[in-house]
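Subject: The structure we talked about

Hi there,

Here is the structure I promised to pass on. Have a look at it first, and then read on for my notes.

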Amino acid sequence: MNEIPVRPNNLEAFWMPFTANRAYKSSPRLLARAEGMAYYTNDGREVIDGTAGLWCVNAGHGRREITEAIQRQAAVMDFAPTFQLGHPAAFQAAAKIAEHTPAGLDRVFFTNSGSESADTALKIALAYQRARGESQRVRLIGRERGYHGVGFGGLSVGGIGANRKQFGALLPYVDHLPHTHAPEHTAFTRGQPAWGAHLADALAGLVALHGDTIAAVMVEPLAGSTGVLVPPQGYLERLRALCDQHGILLIFDEVITGFGRLGTFFGAERVGVAPDIITMAKGLTNAAVPMGAVAVHDRIYRTIVDQAPAGIELFHGYTYSGHPLAAAAAVAAVDLHVGEDLPGRARAMEGYFEDAAHSLKGLPNVIDIRNMGLVAGIELQPRAGKPTDRAVRVFHRCFDAGVLIRTTGDIIALSPPLVAERSHLDRIFGTLAEAIRAEAA
Ligand code: PXG
């Protein structure tokens, strides 16, 4: 059997994603092993995982239930097409997911990532509008600072300038709502800020501009990778009402907020707003095998499928849609979420987590702290003329002290596995506080 190399001797061939390749390769940090709440580096150091990998290992690392399900499935059947054929695990996984989606969203399309889920959801929205005789609805609305992955659809609807600027004009017929980041009104709010519901009214402005040509609006209920933007009270409700009023589909990108992160199975439940379509990935398999999915309202499925002529109803899909290993992992992951009530654990830990996050108030350069569920954003004053530098240095200090955090711009994002105990949170926030202090010294 081939051993996994602990110390690769050639770092050049792997063009690393979203990475400063030159800086990384001149001073690499390698992870070798993971278990429970921790990673272990290739030189054997423990690093407490304050970010659930990349917001995805919600049930904690190395869950035997998931690993064994994958092993069993690999031994029985490595691959089976889901184009015109099928296999039991994919149907089982879809049915299990549908048990936890908001009422009606019980048709599940499988993808391999959050990016593919975003593009799939947008395509389904367009196909739906066309199938119901509204083929003029070709416009897709996103939001500034939204992140929906890196495919052309999700990137176009997404609103992160840095991610877009290298790639030309992107999709036509896309427009954006304003973002909801407003520390001048909401700094140090616990949970959903009272200020900002009116920002949703920008959708009415876009309807005035574009008339009945809008197919769908896609937003993250809580925006994660853009720096933890918690939805203002009433904001998502207003978006929902405007979508209903104007025949527009509402898509929630729940790639981060799905699978317990906000203390409910999906974020929709926590915020009390039901979208028409939900995209997911990450926690769906606890990240043990890549998989994404799109949960679609039955009405949309029936409109596209039942009204189509005999034959293929939706010309879309991936070789690996519902891949047996991923489907087996998803079934096991959903079972873990239910069996261990991971959303309930997150809910029970939220108060302690919130207090710990807000205990950083008053530390040097901390200009905002925001939180919801087991997500916290800690915003630092950027260093003059050197944006991101302060946060990156805090990241390195934490990593060297045995805690993994995530930074975006000068915002630190924390999203520990939902199995975190108080002692882990103490260590994560204690180490972070030290690092922020040391960086100011
Ligand atoms: N939607 C949302 C809301 C996401 O957060 C994607 C789509 C894309 O998923 P894939 O599987 O294609 O990467 C994401 C991914 C970070 C970070 O540090 C966040 C993501 C990915 C990598 C890093 O915030 N989110």
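This is a predicted model: local features need pLDDT of at least 70, side-chain atom pairs count only at pLDDT 80 or more; totals for chains, interfaces and linings use all residues.

Where they touch, domain 1 contributes 32 residues and domain 2 contributes 30 residues. On the domain 1 side, two or more residues come from each of α2, α14 (342-358), β11 (366-372), β12 (375-380) and β15 (411-414). Of these, α14 provides the largest share, with 7 residues. By type, this side of domain 1 has 16 nonpolar, 9 polar and 7 charged residues.

**The ligand**

Where does the ligand sit relative to the two domains? Both domain 1 and domain 2 give residues to the shell around the ligand, so it lies between them. The ligand is surrounded by 18 residues, and the closest are G114, S115, G149, S225 and V255. Helix α2 (52-55), helix α5 (114-131) and strand β14 (406-408) each supply at least two residues of that shell. The largest share is that of α5, with 3 residues. Sorted by type, the shell holds 7 nonpolar, 8 polar and 3 charged residues.

**Helix α4**

Next, take a look at helix α4 (residues 88-98), where A89, A90, A93, A94 and I97 are buried. Viewed down the axis of α4, these buried residues fall within an arc of 135 degrees, so they line one face of the helix. Among the elements that cover them are α3 (64-76), β4 (107-111), β10 (292-296) and α13 (324-339).

**Strand β9 and its neighbours**

β10 comes up again here, as it pairs with β9 in the antiparallel sense over 4 bridges. Strand β8 (residues 249-253) also joins β9, this time in parallel and through 3 bridges.

Which way do the residues of β9 (residues 277-280) point? I277 and T279 point one way, while I278 and M280 point the other way. In a regular strand, side chains alternate between the two faces of the sheet. In β9, all of these residues are buried, on either side.

Happy to go through any of this with you on screen.

Best wishes

How values were computed. Residues are numbered from 1 along each chain as its sequence is written. A residue is buried if 20 or more other C-beta atoms lie within 10 Å of its own, exposed if 12 or fewer, and partly exposed in between; C-beta atoms are placed from the backbone. The arc is that of the directions from the helix axis to the C-beta atoms. Two residues are in contact if their C-beta atoms, placed from the backbone, lie within 7 Å. Two strands pair if DSSP finds at least two bridges between them. A residue is near a molecule or strand if its C-beta atom, placed from the backbone, lies within 6 Å of it. Ala, Val, Leu, Ile, Met, Phe, Trp, Tyr, Cys and Pro count as nonpolar, Asp, Glu, Lys and Arg as charged, and the others, Gly among them, as polar. Domain bounds come from an automatic or database domain assignment.
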